[in-house]
Amino acid sequence: MRELIILGAGAAGLFCAKHLRTKDYLIIEHNDKPAKKLAISGGGRCNVTNKFVKEDDFFSGDPAFISNVLQRYSNKDLLKWLRDQGCALQLKNATQYFCSKSAQQLIKLLHTPNILYNTEVFDVEYDKSFIVRTSRGTFRSKALLVATGGLSYKKIGASGIGFEIAKKFGHEVGALAPALVGLTLQKEQFWFKELSGISLPVTINVGERKFKGNLLFAHRGISGPAVLDASLFWQRGKIIVSFLEKFPKLNTKKQLTTQLPLPKRFIKRFLQEIGLEDKRAGLYNKRELEALKSLCHYTFAPAGTFGYERAEVTRGGVRLNELDTNMQSRLQKGLFFAGEVCDATGKLGGFNIQWAFSSAFVAAKGIDAYLGNY
Ligand SMILES: Cc1cc2nc3c(=O)[nH]c(=O)nc-3n(C[C@H](O)[C@H](O)[C@H](O)COP(=O)(O)OP(=O)(O)OC[C@H]3O[C@@H](n4cnc5c(N)ncnc54)[C@H](O)[C@@H]3O)c2cc1C
């Protein structure tokens, strides 16, 4: 029997292994290599963390829990560890840390020989120890870390096994949904599809939250950084897109399309949609000007999302209030969770990998303490 089995050789599983005192662990992974998701994250350069990381950057039922985990292993701790290991980083967009060359820099650092590849986990039971049933037989351990991630990107290994295991041990799994993903449209907004390829800066309001960034018109709907962040907090209902922060003072003698700081193709299609023509600004009546001002608060309800196959993350997961401060199940001693399988989903910008690493570090300390008292 092993001291520990880790399910999943992704960001959380590998980072936990790096920070364990016990060396008697086995990682079980159904892919033929580790960290396939890390390899493609951040466009292949992996946005590992952010200059500013707060619980507010996450969608979760328990911000205080997230804050506690981030305090125990912060972005500063991670940056220090990466630098100490010789991993060169690059700061982009003023706040996002990426690997300077490739995500492989990070994956090499996380290397461990104790991984059983091409082995699918089917089920876990507990009878005095954990019994892990896999495609290559049954394994036993004193402690178990579930680090199997979420449902997005099935083609590189995502599965729902972590949620199934959690439920089996009596855990509640918060409603799952694709997040950091493009949004599809209802037929009233199908005209957006004709603008496919145009990207423009917007602000999107979802309830009380505001997201600034680019919106990309796509064949299937809308995407781009502002939309991906908005998708994390959108759960049906209306969103407000401000294509213009403020409606400019118009020169009455000039054509409208020459005055608005927006792509011409976009304005022309928008005008067509509200039944107006491009003309000298002075020729619009009061009602028409009001219709034009909806560019500052264009309100509509998306139809849905592009789905798990295009989503960077899965929102929802194992409820944090059912874990103790060491990421250990309150319902089954020795059972730990870390990473995306938990109900903590970050915005774009390096928050999800930071969470995977912070929660895995905390779990590593908890696992060592648990094994010490076993
Ligand atoms: C395209 C893309 C880009 C992204 N870019 C960024 C970014 O730049 N910055 C950022 O912070 N976040 C990014 N993310 C999100 C981030 O990669 C994840 O949140 C993070 O990898 C989650 O880590 P994890 O260890 O919990 O899960 P994963 O990294 O998904 O690891 C889970 C592991 O478990 C294995 N597994 C699953 N089921 C089984 C089973 N039944 N049997 C055996 N093994 C199993 C999987 O194969 C996988 O190796 C991106 C995600 C995607 C899809």
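**Figure 1. Cysteines C87 and C99 without a disulfide**. Under the criterion that a disulfide is a pair of cysteine sulfur atoms within 2.5 Å, the count in this predicted model comes to zero disulfides. C87 takes part in no disulfide, and the nearest cysteine sulfur, that of C99, is 4.4 Å away. C99 is likewise in no disulfide, its nearest cysteine sulfur being that of C87. C87 counts as buried at 5% relative accessibility, and C99 counts as buried at 0%. Here buried denotes under 20% relative accessible area, exposed over 50%, and partly exposed in between, with a 1.4 Å probe and protein chains only.

The model is predicted: local features need pLDDT of at least 70, side-chain atom pairs count only at pLDDT 80 or more, and totals for chains, interfaces and linings use all residues. Residues are numbered from 1 along each chain as its sequence is written, and side-chain values use heavy atoms, with hydrogens and water left out.

**Figure 2. The shell of residues around the ligand**. The shell holds 33 residues, of which A12, E29, S159, E340 and I353 come nearest; a residue is near a molecule or strand if one of its heavy atoms lies within 4 Å of it. By class, the shell has 13 nonpolar, 15 polar and five charged residues. In this classification, Ala, Val, Leu, Ile, Met, Phe, Trp, Tyr, Cys and Pro count as nonpolar, Asp, Glu, Lys and Arg as charged, and the others, Gly among them, as polar. Helices α1 (11-18), α2 (36-40) and α10 (351-372) each supply at least two residues of the shell. The largest share, four residues, comes from α10. Helices (H or I, at least four residues) and strands (E, at least two) are DSSP runs, numbered from the N terminus.

**Figure 3. Aromatic pairs F15–Y73 and F211–F233**. A search of the whole structure finds 25 aromatic pairs. Rings of Phe, Tyr and Trp (its six-membered ring) pair if their centres lie within 6.5 Å; planes under 30 degrees apart count as stacked, over 60 as edge-to-face and the rest as tilted. F15 and Y73 form an edge-to-face pair, 5.6 Å centre to centre with 65° between the planes. This pair links distant parts of the chain, 58 residues apart: F15 lies in helix α1, and Y73 in the loop between α3 (63-72) and α4 (75-84). F15 is buried, with a relative accessible area of 0%, and Y73 counts as buried at 4%. The rings of F211 and F233 have centres 5.5 Å apart and planes at 20°, so this pair is stacked. F211 belongs to strand β14 (residues 209-217) and F233 to helix α7 (residues 225-233). Both F211 and F233 are buried.
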